[in-house]
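Hi,

Here is the structure I promised to pass on.

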Amino acid sequence: MEELIAKEELYQTIFKRKSIRKYQQQKLSVEELQEIKDFLKEAEVIDPEIKFEAKIVDSDQVKSLIPIKAPHYLQFFSEEKGDYLLNAGFILQQLDLFLAANNLGSCWFGMAKPKKEIIADSELEYVITLVFGRAAEENIRDSIEDFDRKTLSEIKEGNDHYDLLEAARLAPSATNGQPWYFKVEVDQIHLFQNEPNFIKKFFYEKMNRIDMGITLAHLWLAAIEHDYNFNFKKYSQAPAVVEGYNYLGTVEI
């Protein structure tokens, strides 16, 4: 990695990235790891008032019932306030795309937990882990048809802004649940999150909110690519209603 990736390349990577679960076990160089840390420092955020930090650790500092054997694990910690889960997904998806753009593999690892000593070393709340390294399998998709995603007609209402929503549609999510829905107006896109049943809510409520941050990152990069404004806000009263979904916020474009 000779230089940090431009937002244009992050956007292009949306259409070919994939989750990697098989890794070569050699570690990245000190310089490569530093570039990853530097990228995170410069990543866009939803809420600059929410403090966060990331720790890159080895496998012996991670607990999981279903392990992914990788050379590196990035554990994300955040202040537990406001839309911190949305913020976490938004930030880390930029890193996920950055890694893919640099011919590295990564995967969201919701089952992982830090060891007690790692948790004790941070004043912030543990949120999620992203595993990464050099892939031991093909790390990009051949075409957009390789994505297993809902069609746009299943996740949106309104006829505008296909160029933005196609990128949002391709976002990864926990168990590929795709919990998002978009209600589109000329200058606004309202985001909604699926309201799960009791069992799914117990297991996936946290991950689904992170998922919404992930798709929001794709929407932001698409807005930059296509010369739209991007201002995310949450109205105190939902400007629209979608049955079975909760209003999350609005992107003003």
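**What I found**

V62 counts as buried, at 13% relative accessibility (buried is under 20% relative accessible area, exposed is over 50%, and partly exposed is in between, using a 1.4 Å probe and protein chains only). Before you go further: this is a predicted model, where local features need pLDDT of at least 70, side-chain atom pairs count only at pLDDT 80 or more, and totals for chains, interfaces and linings use all residues. Residues are numbered from 1 along each chain as its sequence is written, and side-chain values use heavy atoms, with hydrogens and water left out.

Back to V62, which sits in strand 2 (residues 62-63). Helices (H or I, at least four residues) and strands (E, at least two) are DSSP runs, numbered from the N terminus. Setting aside neighbours within four places in sequence, V62 is in contact (heavy atoms within 4.5 Å) with V57, Y73, Q75, A112, K113 and K115. Y73 is 11 residues from V62 in sequence, and their C-alpha atoms are 7.8 Å apart.

Next up is H72, in strand 3 (residues 72-78). H72 counts as buried because its relative accessibility is 2%. Its side chain reaches the backbone nitrogen of L28 at 2.9 Å. Not counting residues up to four places away in sequence, H72 touches K27, L28, L33, I56, V57, L130, V131 and F132.

Now the helices. Helix 2 (residues 30-42) and helix 3 (residues 84-101) have axes that come within 10 Å and cross at roughly 140 degrees. Helix 2 is therefore oblique to helix 3. On the terms: axes are lines fitted to C-alpha atoms, for helices over the stretch in contact, with angles running from 0 to 180 degrees between N-to-C directions. Angles under 35 degrees count as roughly parallel, over 145 as roughly antiparallel, 65 to 115 as roughly perpendicular and the rest as oblique. On the helix 2 side, E35, I36, F39 and L40 meet I91, L92, Q94, L95, F98 and L99 of helix 3. The residues of this contact divide into eight nonpolar, one polar and one charged (Ala, Val, Leu, Ile, Met, Phe, Trp, Tyr, Cys and Pro are nonpolar; Asp, Glu, Lys and Arg are charged; the others, Gly among them, are polar).

Helix 6 (residues 162-169) is largely enclosed by the rest of the structure, because six of its eight residues are buried. Those are L164, L165, E166, A167, A168 and R169.

Finally, some loop residues. L124 is in the loop between helix 4 (116-120) and strand 6 (125-133), and touches K51, F52, E53, F77, S78 and E79, leaving out residues up to four places away in sequence.

Q178, in the loop between helix 6 and strand 8 (180-184), has a positive phi of about 45 degrees although it is not a glycine. D227, in the loop between helix 7 (198-225) and strand 10 (231-233), also isn't a glycine, and its phi is positive at about 60 degrees. Which of these is buried and which exposed? Q178 is buried, with a relative accessible area of 5%, whereas D227 counts as exposed at 72% relative accessibility.

Cheers

Conventions: Polar contact = N/O pair within 3.5 Å; in protein donor to acceptor, adjacent residues only side chain to side chain.
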